[in-house]
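Have the structure open in your viewer and follow the stops below. Each one gives a selection and what is there.

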Amino acid sequence: MIEVEGLTKRFGATTAVDDVSFRVEDGEVLALVGTSGCGKSTTLRMLNRLIDPTEGTVRIDGRDIMQVPLEELRLGIGYVIQGVGLFPHWTVARNIATVPRLMRWDRARIDARVRELLELFQLDPAEFGDKYPAQLSGGQQQRVGVARAMAAEPSVLLMDEPFGALDPVTRAHLQDEFEAIQRRLGTTVILVTHDMDEAFKLADRIAVMDTGRILQIGRSELLLREPQEGFVRQFVGLDDRALRILSLHGVAEIATPHKVEGWEVLDGAVVDQASGRRILPLAPSDTLREAASRIIWEGADSLPLVEAGMLVGAVRAEDVWRVGRRA
Amino acid sequence: MSAGAAAAPFRGIEGAALVFAVPAVAGLMALPFLTVRPNRIVSGDPLYLWEAAGGLAVAALLAAALVPLISGPALRGGLSVAGVALALFLVGREADARLAEAGDLARISLGGGFWLMVASFALAAAEGLSRLEPPPLLRLGLTALMAAAFGTALVSGWFDGLSIMQEYRANAGAFRSAFWGHLLLVGGSLLPALAIGLPLGRACFASPRWRRAAIPILNILQTTPSIAMFGLLMVPLAALVAAVPDLRRLGVAGVGATPALIALTLYSLLPIVTNTVAGFAAIPAQSREAGRAMGMTRRGLLIQVELPLAAPIILTGVRIVVVQNIGLAAIAALIGGGGFGTLIFRGMGQTAMDLVLLGTLPIVALAIVATIVLDAVIDLLKGRRR
Ligand SMILES: Nc1ncnc2c1ncn2[C@@H]1O[C@H](COP(=O)(O)OP(=O)(O)OP(=O)(O)O)[C@@H](O)[C@H]1O
Ligand SMILES: [Mg+2]
């Protein structure tokens with residue numbers, strides 16, 4: 001658990017972070033969003049004492065970070081720095097092994113862990129392990145940066161724009177990957193991003209910052225349903241808020257056994273027996289946003305839900321609309 | 001278009017190389033390849049390359065004229081190396097032949113034609129081979145191979161007919177101690193220079209105040225003429241030894257190796273300090289930040305991240321210093337500091353040019369080898385990282 005209270009940082013006359021307070025529960029993901037220069041990185045850097053706060057306290061798992069020996073504190077916190085910052089003179093494998101080596105793991109354990117992480121992030125260990133950062137694409141470097149931060153399985157992970165320089169496909173893939181790993185390990189994460197979609201996708205709660213202050217912090221859906229007037233409203237964006245709310249929910253939440261009779265599974269697709277049309281079914285991992293898009297596309301009033309080749313239920317349009325509707 | 005067609009037969013030729021080829025050939029014709037003297041004292045008769053026996057001499061002349069004109073760098077470089085070898089081969093063979101004619105007291109010394117031939121081929125070889133940008137390990141390998149070939153010829157007695165080798169045999173002991181003395185001066189000044197220069201450079205990088213204080217002083221040291229530096233050091237050192245006689249037992253004295261080592265160390269500081277500052281400045285800020293964020297101690301960060309990243313630039317400073325001190329160390333002989341300078345100055349005193357050469361050639365060789373080796377090490381360090 002991370003508890004931040006009254007955190008303030010001044011650089012001369014500028015106040016980069018101004019009286020910031022928040023809590024992140026164990027296993028929770030908090031996204032810190034805001035425009036460039038609003039103090040996101042500065043906040044993050046104070047959490048592992050890359051810089052010391054002017055005022056305020058930070059407690060991690062109940063311990064004031066000023067009381068923890070500096071190296072011990074940092075070894076326990078995974079950190080993805082803004083702009084990746086791989087060590088150019090070390091291979092990919094050596095980069096990922098940085099913290100385990102500092103913690104004096106034995107060789108075999110380090111090698112196994114490096115291989116595991118490379119595979120997790122879809123980088124073939126045989127191909128990439130011995131490459132130098134300059135030989136990687138920007139996206140590959142970012143993956144190594146995240147892998148390096150997670151190498152020693154830290155309970156707390158701070159990530160400063162970890163997926164910045166990626167194309168939408170790779171980015172989405174990596175976000176999925178990361179989400180799965182984070183869920184499995186129960187890591188507590190603070191994620192800095194200026195991409196609202198990324199924040200909604202990965203975070204349990206979102207804090208919106210502007211000029212050093214947190215203007216609003218809350219569950220993602222709350223931010224969409226009841227954004228504060230002014231900056232937050234503008235930054236969160238209300239044009240597609242219904243769709244964004246839908247993206248926060250999975251189809252499993254509202255699936256019903258209704259209408260399963262009229263459909264038949266035929267090699268991967270579902271055939272509607274009345275019309276004879278083939279319909280691409282929904283999977284349990286799909287969000288309601290995907291369901292809504294497909295409902296509109298198919299012109300249907302419900303879509304089949306297929307799990308492991310079995311027809312398990314239907315997602316009805318009216319239920320989808322209800323979830324996205326104002327309270 | 002007609003001009004292009006007329007030029008076509010010459011397409012494989014470097015036009016600019018004519019500038020080198022013409023004077024080289026003229027020099028080879030006009031300057032003696034060897035000088036033959038009946039004994040050590042009297043002046044001698046010239047032996048020109050074209051007077052030397054056999055087709056090889058003609059081949060050498062032709063090669064000197066044509067090889068620089070070849071436009072392919074690999075062929076040009078390779079043939080130039082062969083040209084150097086040919087010059088060395090000829091000089092050994094001719095010396096033996098003349099010595100047999102002129103008797104054992106005769107002196108066969110190297111002439112301007114020989115030097116011109118070696119120098120122009122060596123330049124062409126270095127230029128041609130460096131165009132190929134061979135990888136560092138290959139460069140080291142080639143250098144070792146050439147050094148081994150030359151060393152074998154030397155040991156096998158191929159050059160024994162030359163007066164410089166006669167001079168060597170008469171001064172073998174002095175040569176050996178000059179060699180070790182020279183290495184001691186260069187190595188013995190490099191170590192303290194690193195021990196002082198690296199921390200000083202680090203401090204200058206971190207603090208503008210240190211930089212403002214240190215760099216001007218080092219600049220003044222660097223521009224002090226070496227003779228003046230030795231003189232300036234003799235007085236306080238002599239006083240110091242007089243005050244603390246125990247130092248004398250450690251070999252410290254106002255003359256000899258001590259002031260020479262100190263002077264060379266002082267000369268080394270500016271390049272090492274400025275390159276250390278530049279090296280640290282070139283470390284990406286993100287690497288430093290990442291190292292701290294991962295939990296490295298200051299020491300760990302310095303050793304694991306900062307020094308390796310600054311190393312190529314720092315080593316460039318080391319190379320400057322080593323090459324500079326290999327040359328400067330010759331002057332140490334003036335104050336009894338040892339090294340190849342002893343042979344040079346003794347040779348100058350006796351107007352024995354061969355003795356001067358015996359001191360000079362190893363200095364040149366050391367400087368060339370040091371440059372090649374350190375450059376290769378720097379390239380190896382840079383490796384694939386950028
Ligand atoms: N070391 C420093 N010295 C002086 N000012 C600083 C320093 N670090 C940050 N600042 C200032 O503090 C403010 C917040 O910077 P910060 O890096 O936290 O922004 P950010 O939200 O991370 O922006 P971005 O999204 O562009 O990374 C900026 O105005 C910046 O200029
Ligand atoms: Mg930032």
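**Inside chain B**

Select Asp354(B) and Arg37(B): in this predicted model they form a salt bridge, with the closest N and O atoms 3.5 Å apart. The count between domain 1 and domain 2 of chain B is two salt bridges.

Next, pick helix H6 of chain B, residues 136-155. With five residues, helix H6 gives the largest share of the side of domain 1 that touches domain 2 of chain B. By class, that side of domain 1 has four nonpolar, two polar and three charged residues.

Now colour chain B by domain: 3-162 is domain 1 and 172-385 is domain 2. Their centres, taken over C-alpha atoms, lie 34 Å apart. Nine residues of domain 1 of chain B contact eleven residues of domain 2 of chain B. Together the two domains bury about 840 Å², with 69% of it on carbon and sulfur atoms. One residue pair is in polar contact across this interface, both residues at pLDDT 80 or more.

**Between the chains**

Show chain A with chain B. The contact draws 26 residues from chain A and 19 residues from chain B. Select Phe87(A), Pro88(A) and His89(A): they supply 25% of the area that chain A buries against chain B, more than any other three residues. The area buried between the chains is about 2000 Å², and carbon and sulfur atoms give 61% of it.

Which residue forms a salt bridge with Arg45(A)? Glu289(B) does, and the closest N and O atoms are 3.0 Å apart. The count between chain A and chain B is one salt bridge.

Last, highlight helix H2 (70-75), strand E6 (77-80) and helix H4 (98-102) of chain A. These elements each give two or more residues to the side of chain A that touches chain B.

Methods
Residues are numbered from 1 along each chain as its sequence is written. Chains are lettered from A and ligands numbered from 1 in the order in which they are written. This is a predicted model: local features need pLDDT of at least 70, side-chain atom pairs count only at pLDDT 80 or more; totals for chains, interfaces and linings use all residues. Side-chain values use heavy atoms; hydrogens and water are left out. Contact means heavy atoms within 4.5 Å. Buried area is the accessible area (1.4 Å probe) that two parts lose on being put together, summed over both. A salt bridge is a side-chain nitrogen of Lys or Arg within 4 Å of a carboxyl oxygen of Asp or Glu. Helices (H or I, at least four residues) and strands (E, at least two) are DSSP runs, numbered from the N terminus. Domain bounds come from an automatic or database domain assignment. A polar contact is a pair of N or O atoms within 3.5 Å; within protein, one must be able to donate a hydrogen and the other to accept it, and residues adjacent in sequence count only if both atoms are side-chain atoms. Ala, Val, Leu, Ile, Met, Phe, Trp, Tyr, Cys and Pro count as nonpolar, Asp, Glu, Lys and Arg as charged, and the others, Gly among them, as polar.
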